[in-house]
Amino acid sequence: MSPSFPSAEQCLETSGFLFSHPCERGASTQCTRCQKSICPLHMRMLDGAETVCVTCARAADNGDENRDPSDTSTDEDDPSYYYEDYGYYGRDAWRGSGASSSHDTNDFTEADGESVRREDDASFEEDLGGS
Amino acid sequence: MAARRQHWRLYALGGGLGHLTRAAALARAAVARGHAVDVLTNSPFAPGLPLESWLGPHATVHRVDARLDKAATVAAVGAWLAESTPDVLVVDTFPRGLAGELVALLPTVRAPRVLVHRDLNPVYVERFDVAGAVDAFDLLVVPGEDAPFAHHPRAVRTAPWLLLDADALLPREEARRRLGVADGDARPVVAVMGCGRPEEVAEAGATADRLCVSLEERAAVRWLVPTAHAPGRAVWPALAVMRGVDVLVGAGGYNTVQEARATGTPLVAWARPRLYDRQALRLTEAERVGDAAELEAKVLSALLLQDGPRARPAPWVNGVHAAVEAIERVAR
């Protein structure tokens, strides 16, 4: 259940992938974790029950809540983990032949990994708007 | 025209506009061959698009509300599949279904199955046994990009799919008018593509505003939106006006990138984070930007490089036609 909320307040999330700016929409609820006022576009549901802001949802997706900050071991949920090995499921998987991959694995930097949302298994086949 | 009219059903669930756009391209080409096509979509943009009239007389579109939760969406898919038995079922991108529902539902479909097979997040591929799901299909059609199982024995590669063939695009001057450029205005057009999630459409508007300021009078900047969204310019399909666009700004989704490349339109784009799609893999270093300053610099550079009308590539090969022929061969 979302907390009741006075509608006159403004959403406190930011919008803009490249040009970050305050969201100008009216808030309709509050994040149950950080209590930030948020509009419907910046609201996410966790486990179908918890209403949170996109910042807290992202932190939950990343597993940051429970992660030991001193842990620097390889994380297979980190996109760079598999970006270094793009095509790991390549031609050998089907013993076929054909044109070589158009992708050069050296084309991609760690920053490119941001192109794939960092997810745990729970998001796949659950977030129907995430494709 | 095909020898016999077939009944196709196209499953195109997925957020944003990309799945629907690809399915619409295939549906339009199939209808033009004389087939009857039903499209299933839950795109949030579908309610605002004139799909039926655009696809042709033998197309129907079943719009599932994008706001439905998983259980309701799965129920809608089950009901749609149970409506009738087609001559072929075509599934876009997700062999298990968007919600994993096709694993249980596909065995109930007594028709050949075709997967439109594209790149997927490798973590998902590995953890959800996508390889096993792929094996349930009679044909995999790979529309112009690399994909995990592109070498599957039943896979067929085609050129990228586009909504329109080259001869269906508006001429440059007419396209510029559709983009709201006055006849006497010779400035190049920078079009910022609003697509993806609804909030990303709005963000594209902010990007267009910023470019308006930074480019001053060097270019006419237009914010393109698929459906009415004041004050954006509603143009769908955007490919129709691409000959009037001198620099395209957008994200690295399949359709934006393939449309820019086919038409030879310089593209400046960022890789949006997606759950399944890896947009950074699609973009070249020259196209890709990481921040606002880089975006403005690359757009300006692309404008400065243009000296008069640019050379356009030869008419492209639209892969939907080869796909339609391949699907006809497996349909009953």
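Modeller: Let us begin with a definition: two strands pair if DSSP finds at least two bridges between them. In this predicted model, strand 4 of chain B and strand 5 of chain B meet that criterion, as 4 bridges join these parallel strands.

Biologist: Which residue is the bridge partner of Asp92(B) in strand 5 of chain B?

Modeller: Val116(B) is the partner of Asp92(B). Val116(B) also stands opposite Val141(B) in strand 6 of chain B. Strand 5 (residues 113–116) and strand 6 (residues 139–143) of chain B run parallel and are joined by 3 bridges.

Biologist: How many bridges join strand 1 of chain B to strand 4 of chain B?

Modeller: There are 4 bridges, and strands 1 and 4 of chain B run parallel. Within this pair, Arg9(B) lies opposite Leu89(B) of strand 4 of chain B.

Biologist: At what angle do helix 1 and helix 12 of chain B pack?

Modeller: Two packed helices are described by the angle between their axes and by the distance between those axes. Helix 1 (residues 18–32) and helix 12 (residues 320–330) of chain B pack at about 65°, and their axes are 9 Å apart. Helix 1 of chain B is therefore roughly perpendicular to helix 12 of chain B. Their crossing is right-handed. On the side of helix 1 of chain B, the meeting residues are Ala25(B), Leu26(B), Ala29(B) and Ala30(B); on the side of helix 12 of chain B, they are Val320(B), His321(B), Ala323(B) and Val324(B).

Biologist: What is the order of the open sheet of 5 strands in chain B?

Modeller: Its order is 10-9-8-11-12 (chain B), again with parallel pairing. The edges are strand 10 (233–234) and strand 12 (267–270) of chain B, each of which pairs on one side only. Strand 9 (residues 220–225) of chain B pairs with strand 10 of chain B over 2 bridges, in the parallel sense. There, Leu224(B) is opposite Arg233(B) of strand 10 of chain B.

Biologist: Why does Ala260(B) count as buried?

Modeller: Ala260(B) counts as buried because it has 23 C-beta neighbours inside 10 Å. The residue is in helix 9 (residues 254–263) of chain B. Leaving aside residues up to four places away in sequence, Ala260(B) touches Leu248(B), Thr265(B) and Leu267(B). Val245(B) is 15 residues away from Ala260(B) in sequence and 9.6 Å away in space, C-alpha to C-alpha.

Biologist: What radius of gyration does chain B have, with its 332 residues?

Modeller: Chain B has 20 Å, which agrees with the value near 20 Å that a compact globule of 332 residues would have. Its C-alpha trace spans about 60 × 40 × 35 Å along the principal axes. The chain comprises 12 helices and 12 strands, and 55% of its 332 residues count as buried. Of the contacts in chain B with a separation of 6 or more, 67% join residues 24 or more positions apart.

Biologist: Which pattern does chain A follow along the sequence?

Modeller: The pattern of chain A is β-β-β-β-β-β-α-α, with 2 helices and 6 strands. Of its 131 residues, 30% count as buried. Residues 24 or more positions apart make up 38% of the contacts in chain A with a separation of 6 or more.

Notes: Residues are numbered from 1 along each chain as its sequence is written. Chains are lettered from A and ligands numbered from 1 in the order in which they are written. This is a predicted model: local features need pLDDT of at least 70, side-chain atom pairs count only at pLDDT 80 or more; totals for chains, interfaces and linings use all residues. A residue is buried if 20 or more other C-beta atoms lie within 10 Å of its own, exposed if 12 or fewer, and partly exposed in between; C-beta atoms are placed from the backbone. Two residues are in contact if their C-beta atoms, placed from the backbone, lie within 7 Å. The radius of gyration is taken over C-alpha atoms; the globule rule is 2.2 Å times the number of residues to the power 0.38. Axes are lines fitted to C-alpha atoms, for helices over the stretch in contact, and angles run from 0 to 180 degrees between N-to-C directions. Angles under 35 degrees count as roughly parallel, over 145 as roughly antiparallel, 65 to 115 as roughly perpendicular and the rest as oblique. A crossing is left-handed if the near helix is turned anticlockwise from the far one by less than a right angle, and right-handed if clockwise.
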